[in-house]
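User: I'm new to reading structures. Could you walk me through this one?

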Amino acid sequence: MTTIQGVRLDEGERAAPTLPRDILTEELVFNMGPQHPSTHGVLRVVLRTDGEVVREAQPLIGNLHRCCEKILESLTYVQGLPYVDRMDYLGALNMEMGLVLSVEKAAAVEVPKRAQYLRVILCEINRVISHLFAAGQFGLDMGAFTPFLYMFREREEGLTLLNEVTGGRLLYHYIRYGGVTRDVSDDWKRKCIAWCDQVAAHMDEYNNLLTYNHIFLNRTVGVAIIDRETALRYGATGPILRAAGVPRDLRKDMPYSCYEDFDFKVPVGPHDKGVVGDSWNRHRQRLLEIEESLKIIRQAITKLPAGDVSNPKVTRGWKAPEGEAYVASEAPRGEISCYFVSDGGKAPYRARMRGPSFYNISLLSETSRGLLIGDLIALMGSIDITLGECDR
Amino acid sequence: MTEATRPGRPSYMPPPERFDPEVEQTILLTKAEWLVDWSRKSALWPLGFGLACCAIEMISTAMTKFDISRFGAEVFRATPRQADVMIVAGTVTHKMAPRVQRLWDQMADPKWVIAMGACTVGGGPYFKYGYHVVKGVDKVVPVDIYLPGCPPRPEALLEAIMRLQELVEARSKRLNGKDPGYTPPEKGSRQAKKDGLSPVEPWETAKAHKFDDAKKKTEEDEAKAKAAAAAAKKAAAPAAGAEGASGAPAAPKPERPARPPKPPETPEGGA
Amino acid sequence: MILAEATPLSHHLATWLAGLLGMQPNWLFSAVGALLVATVILLIVVTPVGLGGVYLERKLAGRMQNRRGPNRVGPYGLLQAVADGVKLLAKEDILQRGADSPLFRFAPYLVFLAAFAGFVVLPFAPGVIAADLDVGLFYFLALIALETVGIVMAGWSSNNKWSLLGAMREVAQVVSYELPLGLAAMCPALAAGSLSLVAITDYQAGPIWNWLLIRHGYWAIAMVPAFLLFYTAGLAAAKRAPFDLPEAESELTAGFHTEYSGMRFGMFFLPEYAMMLSLSAVASALFLGGYHDPLGLSAPGGAFEGAWWWGFLWFFLKTTFLFLSQIVLRWTLPRIRIDQVMYLCYKVLLPIGMGCLVLSAALRLLG
Amino acid sequence: MTPAEALRSALPDAVEEATDAFVRVKAEKVVEAARVLREKCGAEMLHQISGVDRPPDKMEVVYHFARLKPAAFLCLKVSVPRSNPVVPTLANEWASANWGERETWDLLGIRFSGHPHPYRILLPEDWEGHPLRKDYAYPVEYHGVDCVE
């Protein structure tokens, strides 16, 4: 029994002995990460390979465990919010939504309509940015460096937009209990629409350069298939689940924050190439979701109602009354939810955050069997994890 | 050639000896030093190593808008052997700390560390309640440039790179007498460190290689183990309580400072 | 001696040296002359080739990606590659525990040697060649195999699994791609009836329709596929994207040179560019007329017959064009998977290569 | 069929408390209860496993199941004594329970009997204590690195 730092690598299912007896073959145990270009952070994967063929891949997490839940229990309500941002640093606003929605439901806090719209606009901008990063990073993993930079061009513009409203480039601390911190200007709205047009105009460029590139298609179509059952069994959500053919999008299924006001589609795999649930479909899924998000942003900006952006009842020393709630929302990487328990104290009694990446990456060990190392990279890149929310 | 894993490796450049200034400015040696330092500062290859949020800003710095390649520093090496500067971008946790240290060990001299972000500077937002967060990466590797911010903007990282270039260049500037008003600072003083001329080499101050003897039991642990064994013996043989009490005098249970009494003991280990 | 006799430059040098000392030119002077030529080539050609290649790659990549690229070190960042080189020289040289020391130290030299030794047979201009070997093309192809040996040594001796995997990929890839590379190179050799690069180049003297790529129109049937084949297989032999599997960064951290630091790493880094350049040069000599211009001015009886600068200009232009196209490809395409690399080689390129060879033979017989 | 009705009819002796929001079942019956939720109420996904420390004498494990169509979350709660918190594992039924339970063990010290791999997941294997317990004592140092200033 091979054991590597507490991880048991199951023996058995060795490759069928096709080689003559006198050639000695041996399985290699690789340690991939925590510092590896395609583990997207500090994920560590222990690989057992037969040459290039992966027999087993065991993801090991926890290298970025930053005690988010303990801190939420220890600090006051308002103080705790920035820490949620740092869970998924690529989709920080969506993480804030995850906590705030639960607390608001448990405490029955009213949120002004304008604030709800602003949340939607900024969260969708953040989702677009996050998906651009994920798609580019996937290209980078596949060896295509340039598309990443092209996607970063639009990403930077989007960051500038968010920066203008929230004051932060990456982590925002914008959504508060009962509303948001700042209102947007008319000028910003114009810029935002212009940015949507810019991204939409460049979608073809990304597709030509990366998505429908012949080599890219060969690398990803039919590779590392995550089917519906596997995804559901492992609790995988978000683009992975939708690319596997399950039309589950909480923005449609359990609308929160006025998502029911907007007209958008939920793209579901399989898309025009490949088979349902393969790496290419997960990549395409993200690009299609960008287009839908742009639709939502445009509608929300046109329909943005007048009014206040925060609930005056929620002040600095605000406490939630006793109670509990479980609300989930759709973050770029999957469903972020919070099991929130309050005992009426100054801090949440328990705020259990669900990091979608935590569940998404857990299926790596089952899905990766029999893949080549290059395919494993495709699998990991198309799952698109953020270790911040995986380890919290 | 030196072995990578040998602790307390000698410095890549010995502390500059002070010659007669006239000699210093004329001999070729100092000019060569200048060339070497110029090349080092112009080709700072970072280790492609992201930990958390700051890594995204580090990537942004390498991208179109900020373009770290202008300084010749866009060559993110995937292997520590070929990197010059480790940008520790993000929170270092206790689980990750040995790996960070190991990566630093694996880098070839001369090497520098930029502590990017509040977490690596001193724990940052996780200072008080972050039980699993190392409060500052300088507890495990020596840091040359501290870059605060949560996360620092890419412009800030560019400035950190430029400051590091100044630091790299400082030594040969002094040697070449480019700075006439310069008097060598007192040994080990703050100024000496600032000038990059510290006789105390950075790795002497680092608490390096503590992880190697993680398994080594400290006296404290031994005492604790003894106490636990005594307790187990006591529990196993309640009848021989008197004997146990006399035979094994109650070892004082070592309490760590500033730690409240332990919660009721729960059975540990897997089911 | 053979080297010296075959090389006009070194021969002149030897005669001049002997005259200087008032002695008859003998084999000693010839050897000294050849060595001098080799040194000069190494200094003038090789160093700028490596460093210039690095600079061009970084600058062009920047341009392709809406960036500026290096521009702080020297004017337009021209000294960037020099700074890199000096820095690598002054960096610590690590020999990690468990490495096979002699092999580990020797491997970079072998790779360096293999990559730069190819320059000996490159016809830069009329009369400017270190050694016009009769088997120049064969010699060049053999050196590619030598480089593989160095890389396998590096991967094996590093005592690192990623390095080992990189080295294994290198063997599988380069050894396989030598077949189509050789087949494609045989087509021009067949047409010109020689393995000497100078002979093949001079066979293409004259206006552009004398170039083998489109020679007299009908040769294009065989030569255009052969050229594309040579170019593709050359990419694979030089480990350039999309065939950069031995050092695939996102898969194998840094592949076979994971454990190398300092100048030893530099000795893997520079040969890559040398290999690209020499492959481009050979491709231009084989298919694009080498140092002959498209108007036929350098052909016998032309205005610039035997003018080395005119020939060098055209050789340089053609080679640089192919070199830059390799860089553009690298920054555009994703990487191919290892099994697809093998598939492409044995099931696509090899049959095409055989077809080209048969066609060339037929054309040679008919025309 | 609401979870409360389904569980009351299928496992009458297991249900301790049933409201619209959640159903509390006996710890040893949690696997059967989860099966009932899957078969009768369409709970296809185990969305989240949370542990709640309720000193002085109780701990809770809260399971949230997700139903796809119509979308809803079904909540199952289990209370265990704080002195010996053991709950049967769901890891053999739902793969997502595997890591979720390991995390609950790691951070709260609730054991899951029959778990295929009952080790810590986020914290290092030799970490002392379970941080999310209310009486958790912050470490002073870990392997030579100070945890407090």
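User: Which helix of chain C does E147(C) lie in?

Analyst: Helices are DSSP runs of H or I with at least four residues, strands are runs of E with at least two, and both are numbered from the N terminus. Here, E147(C) sits in helix α6 of chain C, residues 136-157. A heads-up: this is a predicted model, where local features need pLDDT of at least 70 and side-chain atom pairs count only at pLDDT 80 or more, while totals for chains, interfaces and linings use all residues. Residues are numbered from 1 along each chain as its sequence is written, with chains lettered from A and ligands numbered from 1 in the order in which they are written.

User: Why does E147(C) count as buried?

Analyst: Buried means 20 or more other C-beta atoms within 10 Å of a residue's own; 12 or fewer is exposed, in between is partly exposed, and C-beta atoms are placed from the backbone. E147(C) has 26 C-beta neighbours inside 10 Å, so it counts as buried.

User: Which residues does E147(C) touch?

Analyst: Contact means C-beta atoms, placed from the backbone, within 7 Å. Leaving out residues up to four places away in sequence, E147(C) touches V111(C), A114(C) and A115(C).

User: How many residues of chain B are in contact with chain A?

Analyst: On chain B there are 29, in contact with 27 residues of chain A. On that side of chain B, α3(B) gives the most, with four residues.

How values were computed:
Contact = placed C-beta atoms within 7 Å.
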